[in-house]
Amino acid sequence: MLPAKAKQREMMTIQKIGIVGAGQMGNGIAHVSAAAGYDVCLQDISMAALDCAKATIEKNLGRMVKKERISAADADATLARIAFGTSLEGWADRDLLIEAATENVNLKYKIFAGLAAVARPGAILASNTSSISITALAAQTDRPELVVGMHFMNPVPVMKLVEIIRGLATSDETYEAVNAAAEKMGKTTVLAAKDMPGFIVNRILMPYINEAVFALYEGVASVEDIDTAMKLGTNVPMGPLTLADFIGLDTCLAIMQVLHEGMGGDSKYRACPLLKKYVEAGWLGRKSGRGFYNYGV
Ligand code: CAA
């Protein structure tokens, strides 16, 4: 018989991953998971989203082949490790289920309750949420100790970081298992030891972006000058308004609202009225063709 600790480690070994949501984050997570050798299922309610995800993964793998970072055979094998589907049927064999849906609290609650119903006992449920409480997501399930935050950055195949977030009940074994999985995917991890709104990255990044929108709103400088100032003045790859368009203005607003509410209405997290106005207009950034910049769609 195995000693208790070894038995537990064996139980937490991750080989099969299921990812819910085939948007820009979900397809990137599927890509890096499959590239690391995991058996992957990618689910979305929309077949069109799945087709688009597959095309994106193929394009990104193709780019890596062209640059001779991986062989054509590696690219084919990576893609072959991903099954695309619209249902969660058969997901009882998954060891780790990662939710990467839109940043909407009620939608995520519903998905977590649904995942807990299909997952086998002992399977880990992770969320790629950028700000929603892991503890609250865990409370929608039958296994709060197996629920954890696994926050990838966009674009997932390029960005080195995965932020791991422990909910109030997350066990050491769950944390260790997802930390090891993220490292196997070639990522560096950081731990948000406390499940506070925005965790580490968005607690700092979103007020910075929001402040850039305030600077624009108050007429301090133009869109271009705000971005040039921060890009050349602080050596970041994108200025804050370009980055907001890249992330999606609806996502930025949703995160600011989570920060504002979660910090007891502290006015330092108040979303800029101009950010709200752009979202109301449907100017969501790159994905809608217009945000602070025009993308000519
Ligand atoms: N998918 C895969 N690979 C991509 C990519 C994508 N969508 N976009 C670019 N790349 C790759 C390119 O192929 C290129 O690869 P090589 O270095 O191997 O040649 C590399 O990334 C650089 O790309 P480019 O030369 O085309 O363009 P760039 O130098 O302007 O880099 C960028 C693009 C990597 C996106 C860079 O601008 C950048 O790092 N921007 C900041 C991104 C960032 O801050 N992301 C975090 C957002 S916050 C977040 O995600 C958390 C949240 O909760 C909101």
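The shell around the ligand

Author: Helix α8 gives the shell around the ligand its largest share, 3 residues. Helices here are DSSP runs of H or I with at least four residues, strands are runs of E with at least two, and both are numbered from the N terminus. The model is predicted, so to speak of local features a pLDDT of at least 70 is needed, side-chain atom pairs count only at pLDDT 80 or more, and totals for chains, interfaces and linings use all residues. Residues are numbered from 1 along each chain as its sequence is written, and side-chain values use heavy atoms, with hydrogens and water left out.

The shell holds 19 residues, and the closest are Lys67, Arg69, His151, Asn154 and Asn202. At least two shell residues come from each of α3 (47-66), α8 (201-217) and α10 (240-247). By type, the shell has 11 nonpolar, 5 polar and 3 charged residues. In this count Ala, Val, Leu, Ile, Met, Phe, Trp, Tyr, Cys and Pro are nonpolar, Asp, Glu, Lys and Arg are charged, and the others, Gly among them, are polar.

A polar backbone atom of asparagine 154 is 2.7 Å from a ligand nitrogen. For the side chain of arginine 63, an N or O atom is 3.0 Å from a nitrogen of the ligand, and for asparagine 60 a polar side-chain atom lies at 3.4 Å from one. On its own the ligand has 1,000 Å² of accessible area, and the protein covers 63% of this; the areas come from the Shrake-Rupley method with a 1.4 Å probe.

The domain assignment, automatic or from a database, gives domain 1 (4-192) and domain 2 (203-282). Each of these domains supplies at least three residues to the shell. Their centres, taken over C-alpha atoms, are 28 Å apart. The contact between them takes 7 residues from domain 1 and 6 residues from domain 2, where contact means heavy atoms within 4.5 Å.

Histidine 31 belongs to helix α2 (residues 24-35). Histidine 31 counts as buried because its relative accessible area is 3%; buried means under 20%, exposed over 50%, and partly exposed in between, with a 1.4 Å probe and protein chains only.

Aspartate 44 is buried, at 13% relative accessible area. Its side chain reaches the backbone nitrogen of alanine 22 at 2.8 Å, and a polar atom of that side chain lies 2.9 Å from the backbone nitrogen of serine 46. Glutamine 43, in strand β2, is buried at 8%, and its side chain reaches the backbone oxygen of threonine 86 at 3.1 Å.

Note on methods
Near = heavy atom within 4 Å. Polar contact = N/O pair within 3.5 Å; in protein donor to acceptor, adjacent residues only side chain to side chain.
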